[in-house]
Amino acid sequence: MFGARFENSASFRNAGGGLLLRTDVATFVEQPVQSFEDVFRDSRTEMLRTAYLIVGSHALAEELVQEAFTRMYRQFATIENPGGYLRTTVVRLCVQSRDRAAMETERLASSFEPPATAEPEIDEMWDRLTRLRPERRAVLVLRFYNDMSPSEIADVLGWRDVTVRTRLHRGLADLRREMQR
Amino acid sequence: MTDEELTRRLEATLRAKAAQVPEPTGAFEPTTQLTELGTGSAKPSRGAWRYALVSAALIALVVGVTTVVVLAAGSDDSSRPAAPGPSTTTAAPTTVAPSTTTAPTTTVPTATTTTPPTPVTSRPLPPPAWTEFPQPSLPSGTVPVAGFNAYLDRYPSAAADPRPLALTFTHNDPPPTEPANALRVEDQALSSGRQQVIVFTRLADDSVAEVRYDLVFMPHSDGTWRLASASWSQRCQPNRGHQDFTTEVCI
């Protein structure tokens, strides 16, 4: 299943994977210069949703996204690709968020959290998904929500390509195991 | 549940839950966030205090041990002319003191004036590091080499020997020392070139046991080497998939 999906993805068909594609884009396509406010306005919602899917808490996701924006704000002038920097920072903060989540549970308890949906299938899958470890959840979210190729995920998380593929495979296996319980 | 059904449900769930997150409002306020996050002028966390205390204790310990050693050495030297007796160590500082007070006045100026300035040598700069990681194509496992050869064309001084080249290509220059035997390099002579087989063993992965790169180097016209081909494969842990080197995924 995983192999078939990978081979069908557009980024894989560009021989060499996402790295070459991004290099080409970075070299030959002139990107419009964005101000920090532009990036903040355009990316905030998407980053918040990605972070929420990984950490499973809306309030914690807001904290992590704000932290990512704060880090980017302090060195915005030196960042060549703000979108990529932001996504990488958000996802890595989310993966490392276990300790932080424990620390901030009390403070965030009264914050807004999205309620259950009206569809039992979705609620059941979400419940199982939130039981996975953050790094496996991150791989699944980047692959199946952000539609990124394993090479692109490897760049974002700072892992090897092989590691991403392995964790993607295991994440799905864990999910299936949870669903069969 | 089939694989397709699982991924379909997963995608539907992720989209539905993401859609529940409302669009945030408000502008960015960096100062407020910095204080909240403890990265600005906020007080350090308990962990930071603990590190500071441990560091201070270690420094004090090192300074104390050094002082004792220096005093002991001084007492050994000065105790020879002193009268023998049980109190040689306690008498040492008092006998050393006069000689040490006169010593700096004669030795320190000569030391500062006789030290020659360090000559500035103009050695050629080493080539910049190879920054791209091998990106194998699946299912063949072939790794593109054009970029690496272009790098060698720009910096031919780095292309003198296939073995360090292989380590550079796989980002193992210098080779790792921990864990022990984590990297195995086999050099094989071919009819017109050399083959370097690099095997990463003892991976911190309970699924993949070993990862292998087969790199074939051919001599270039200028006497240096170029990478003719590269391929990637892996071997799984016991009971986690194939036990030979292939490009199949381990479970």
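## Salt bridges in the whole model

The structure holds 18 salt bridges, counted over all chains. A salt bridge here is a side-chain nitrogen of Lys or Arg within 4 Å of a carboxyl oxygen of Asp or Glu. Side chains of opposite charge can pair when their charged atoms come close.

This is a predicted model: local features need pLDDT of at least 70, side-chain atom pairs count only at pLDDT 80 or more, and totals for chains, interfaces and linings use all residues. Residues are numbered from 1 along each chain as its sequence is written, chains are lettered from A and ligands numbered from 1 in the order in which they are written, and side-chain values use heavy atoms, with hydrogens and water left out.

A:Asp161 and A:Arg165 form a salt bridge, with 3.2 Å from N to O. Both residues sit in helix α11 of chain A, residues 161-180. They are 4 residues apart, about one turn of the helix. Helices (H or I, at least four residues) are DSSP runs, numbered from the N terminus.

Are these two residues buried or exposed? Both A:Asp161 and A:Arg165 are buried. Buried means under 20% relative accessible area, exposed over 50%, and partly exposed in between (1.4 Å probe, protein chains only).

## A bridge between chains

A:Arg176 pairs with B:Asp3 in a salt bridge, at 2.2 Å from N to O. A:Arg176 lies in helix α11 of chain A and B:Asp3 in helix α1 of chain B (residues 3-19), so the pair joins two chains. B:Asp3 is partly exposed, at 26% relative accessibility.

## A network of seven names

Which residues are linked in a network of salt bridges? They are A:Glu121, A:Glu124, A:Asp127, A:Arg128, A:Arg131, A:Glu178 and B:Arg9. Within it, A:Arg131 bridges to A:Asp127, and their closest N and O atoms are 2.8 Å apart. A:Arg131 is partly exposed at 48% relative accessible area. A:Asp127 is also partly exposed, at 31%.

B:Arg9 belongs to helix α1 of chain B. Its relative accessibility is 7%, so B:Arg9 counts as buried. Leaving out residues up to four places away in sequence, B:Arg9 touches A:Glu121, A:Glu124, A:Met125, A:Met179 and B:Met1. Contact means heavy atoms within 4.5 Å.

## Helix α5 of chain A

Helix α5 of chain A covers residues 58-74, 17 residues in total. From its first C-alpha to its last it reaches 25 Å, close to the 24 Å expected at 1.5 Å a residue. The expected span is 1.5 Å times one less than the number of residues. This helix is mostly covered: 13 of its 17 residues are buried.
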